[in-house]
Amino acid sequence: MRVSIKSLLAAGFVAGVMGLSASAAPVSLSSTVDQSGFSGLQAVGPYALTDANGYDYTGQTNFAQLTSIDSITVTLTINDGDTATGDYDNGKLFLGLDGVNTGLALNDFANNQIVSQTLTQVSPAVQAQLIAALQDGKLVGSVIDTNTTPVAGDTIGFPRLVQTTLDIAAQGQGAVVPIPAAALLAPLGAGLAGFYSRRFRKAR
């Protein structure tokens, strides 16, 4: 089989292009906004945690280039959450972001008390949906109630005089990193050696 110089050079060029690899880069996003001020009957939710603008990351870098989410951490205040141990909503209230149930349970918000907490969900199972929702730079916060038999007349609230924060630790698309030149030249060198070896045998 004849091998031309042009084909070897083309192979070297392709190897060079393939040698450029995108590296993952840690991304930290944080947004603090006023709570919605919602206060009403605790029926089947969701209940508004933030206003319609939601958590806003539009002024931060790489919010639209996330490849995975390591964790989400929310700080919020709930009045009469009823999710303490033994309360009827324990294990039933979850953080919602753009309508997606993150799986982050909002437990230990006691009955008839105003309680603030910081809670973390590591590697949320719905991270693909959250990444898609974050493409506009905003995530509307809500509390999703999965209790289908709430206590009649009970209430829940998210005081407006305090704020809520949503931190996102993620991985994003980093800079293009070239593979070392020696690794790129190795295929080309081997090809040239083979080419001239064949020519040498033919000349003899």
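Does Asn 112 count as buried or exposed, and at what relative accessibility? At 59% relative accessibility, Asn 112 counts as exposed, where buried means under 20% relative accessible area, exposed over 50% and partly exposed in between (1.4 Å probe, protein chains only).

## Basis of the model

This is a predicted model, in which local features need pLDDT of at least 70, side-chain atom pairs count only at pLDDT 80 or more, and totals for chains, interfaces and linings use all residues. Residues are numbered from 1 along each chain as its sequence is written, and side-chain values use heavy atoms, with hydrogens and water left out.

## Confidence

The predictor's confidence in each residue is given by pLDDT, on a scale from 0 to 100. The protein has a mean pLDDT of 83, and 74% of its residues reach 70 or more.

Over residues 5–21 the pLDDT stays under 50; the model has 22 contacts beyond four places in sequence for this stretch, a contact being heavy atoms within 4.5 Å. Residues 183–189 also have a pLDDT below 50, with 7 contacts in the model beyond near neighbours in sequence. Where pLDDT is low, the predicted coordinates should not be read in detail.

## Two loop residues with positive phi

Most residues other than glycine have a negative phi. Asn 112, although not a glycine, has a positive phi of about 60°. Asn 112 is placed in the loop between β7 (100–105) and β8 (114–122). Helices (H or I, at least four residues) and strands (E, at least two) are DSSP runs, numbered from the N terminus.

Ser 123 is another residue other than glycine with a positive phi, near 45°. Its place is in the loop between β8 and α2 (127–133), and Ser 123 is partly exposed, with a relative accessible area of 45%.

## An open antiparallel sheet

An open sheet is formed by 4 strands in the order β3-β10-β6-β7, with antiparallel pairing. Two strands pair if DSSP finds at least two bridges between them. At the edges are β3 (47–48) and β7, each of which pairs on one side only.

Within this sheet, strand β6 (residues 93–97) and strand β10 (residues 141–145) run antiparallel and are joined by 5 bridges. Opposite Gly 96 stands Ser 142 in β10.

Ser 31 belongs to strand β1 (residues 20–34). With a relative accessible area of 5%, Ser 31 is buried.

A polar atom of the Ser 31 side chain lies 2.9 Å from the backbone nitrogen of Asp 56. Not counting residues up to four places away in sequence, Ser 31 touches Tyr 55, Asp 56, Tyr 57, Thr 164, Thr 165, Leu 166 and Asp 167.

How values were computed: A polar contact is a pair of N or O atoms within 3.5 Å; within protein, one must be able to donate a hydrogen and the other to accept it, and residues adjacent in sequence count only if both atoms are side-chain atoms.
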